[in-house]
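Here is a friendly walk through one protein model. Have a look at the sequence and structure first, and then we can go through the packing together.

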Amino acid sequence: MIDLSGLLSKASAEPIYLQIVSALRRQISSGSLAIGTRLPSSRALAQDLGVARSTVVTAYEQLVAEGFAEARRGAGIFVCDVAPIRPPEAPPRPQPAAVPPAPGMLQPGAPDPAVFPARSWARCVSRVARMDPLSLSHQEDSFGDPELRREIAAYAARWRGIDCSADQVLVTSGAREALELAMDFLVEGEDIALEAPGFTPTQRFAAARGWPVRWLRAGERGAEVPRQMAKVTLLTPSHQFPLGGTLPVPQRQAFLQAARERGGWIIEDDFDSEFRYAGQPVPAMAALDREGRCIYVGTFSKTFSHALRLGYAILPPALVPRFRARFFQPSAGAAITAQRPLAEFMASGQYDRHIRRARRLYAERYAAAADALAQWPEALGSFRRHNAGMQIAFHLAGGLADVRICRRAASAGYGVQPLSPHDPEGRSRGLLTGFCQSSAADLPGQIAGLRRIVEEGG
């Protein structure tokens with residue numbers, strides 16, 4: 001039976017019909033009114049409560065609409081099967097937004113945000129917004145903005161010696177997407193050769209697809225040509241990742257010849273070749289390719305900004321129609337808004353000037369970092385001065401665990417990374433040490449602090 005005592009309150013400002021609804025809803029939810037109980041007629045309940053019948057009718061209609069009761073023609077209003085409902089808990093107090101941890105000192109491979117030419121970039125974005133605002137939000141070509149692709153082709157010829165047209169350029173969300181697109185397109189269920197140590201995302205990508213992997217042991221001068229070439233070979237010839245060596249031209253030519261004889265393909269990951277601090281950048285492997293067996297992959301994340309999320313692949317002419325046939329939509333991750341401004345930035349010569357400035361600054365920092373690491377005793381390990389790239393691979397002496405040391409270093413504010421996770425064969429231990437985000441004056445002290453952590457971790 002309905003508990004009439006709690007249905008109405010004279011002190012409440014709530015409308016009477018809502019008081020009735022709330023009280024009956026509580027009794028039904030708590031189980032005080034059993035499932036199937038017939039509620040009093042609207043006339044009877046109105047008399048008991050001393051209210052107008054229309055008020056009770058409105059309350060009953062609301063309960064039926066909410067599913068707490070059902071109306072049976074000719075029989076009345078009955079309680080529905082409603083599981084007991086817990087009263088709503090008080091909402092949690094809002095917590096202040098957590099401040100993300102800083103990336104850490106000596107983080108490898110990370111450009112210095114302070115080097116980014118923000119004002120010049122903003123002027124390019126503003127100019128494009130005034131002159132061609134549609135290009136910031138609309139793109140018809142699945143390979144990317146045509147003007148950006150023309151500028152990339154010109155840049156590749158200027159800086160990397162690659163003879164190509166804009167039709168061969170595919171804009172992606174970064175080097176990683178370009179690598180994965182090329183791998184997925186070319187392997188076709190056959191085998192792939194990867195450097196060891198090498199880039200872990202490509203290793204995981206191959207493993208997830210179950211491809212047979214041939215490991216190319218990489219040394220200080222890159223990988224040796226294997227006796228049996230895989231269908232696809234992925235190389236970092238200009239600056240081997242993560243060790244830092246440069247693949248000699250004869251070995252590059254031998255890889256290309258072996259790929260031609262196998263009917264296979266080379267994917268060249270040229271992730272930071274602009275940053276060579278002694279002499280000029282080495283021409284790309286794709287510049288030596290006369291048989292159309294090499295896909296070149298570049299990125300703006302290292303030279304310009306991670307935030308732009310832009311990279312590209314330069315395809316051999318024979319592969320362009322095949323990629324076109326399967327690549328119907330623009331890359332989902334490649335920022336359309338940034339493509340035309342970047343084309344404008346490159347066409348104006350500002351991109352080349354930015355790279356020259358960044359290379360000059362990073363050269364000073366590389367020298368400071370290398371000089372500081374050279375002070376470490378041989379008992380801790382060794383490294384090679386490659387005078388290139390955005391990180392230095394310091395090889396730890398036996399008995400020193402790089403993962404444990406990096407974990408301890410992270411707690412002290414460092415961003416150095418262990419070398420061992422990049423080596424599927426488990427032969428490498430070391431520290432990948434960055435320098436681009438630190439000033440030349442700060443690097444000796446930072447590296448001295450890291451040395452103390454390494455010595456304590458040994």
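Predicted model: local features only at pLDDT ≥ 70, side-chain atom pairs only at ≥ 80, totals over all residues.

Helix α1 covers residues 16–30, 15 residues in total, and spans 21 Å from its first C-alpha to its last, close to the 21 Å expected at 1.5 Å a residue.

Now to the nonpolar cores. The largest has 44 residues, and Ile162, Phe255, Ile266 and Phe300 touch the most other members. Among the elements that give two or more residues to this core are α4 (118–131), β3 (169–172), α8 (249–262) and α11 (350–373). The largest share, 6 residues, comes from α5.

Phe300 is worth a click: beyond its neighbours within four places in sequence, its contacts include Ile152, Leu310, Tyr312, Leu342, Met346 and Tyr351. A second, separate core of 33 residues includes Ala368, Leu373, Cys406 and Ile453.

What about the cysteines? The count of disulfides comes to 0. Cys406 is in no disulfide, and the nearest cysteine sulfur, that of Cys436, is 17 Å away.

| Residue | Relative accessible area | State |
|---|---|---|
| Cys124 | 0% | buried |
| Cys406 | 7% | buried |

Note on methods. Residues numbered from 1 in each chain as written. Heavy atoms only, no water. Core = buried A, V, L, I, M, F, W, Y, C linked by side-chain atoms within 4.5 Å. Buried < 20%, exposed > 50% of the residue type's maximum accessible area, 1.4 Å probe, protein only. Helix = DSSP H or I, 4+ residues; strand = E, 2+ residues; numbered from the N terminus. Contact = heavy atoms within 4.5 Å. Disulfide = S-S within 2.5 Å. Expected span 1.5 Å × (residues − 1).
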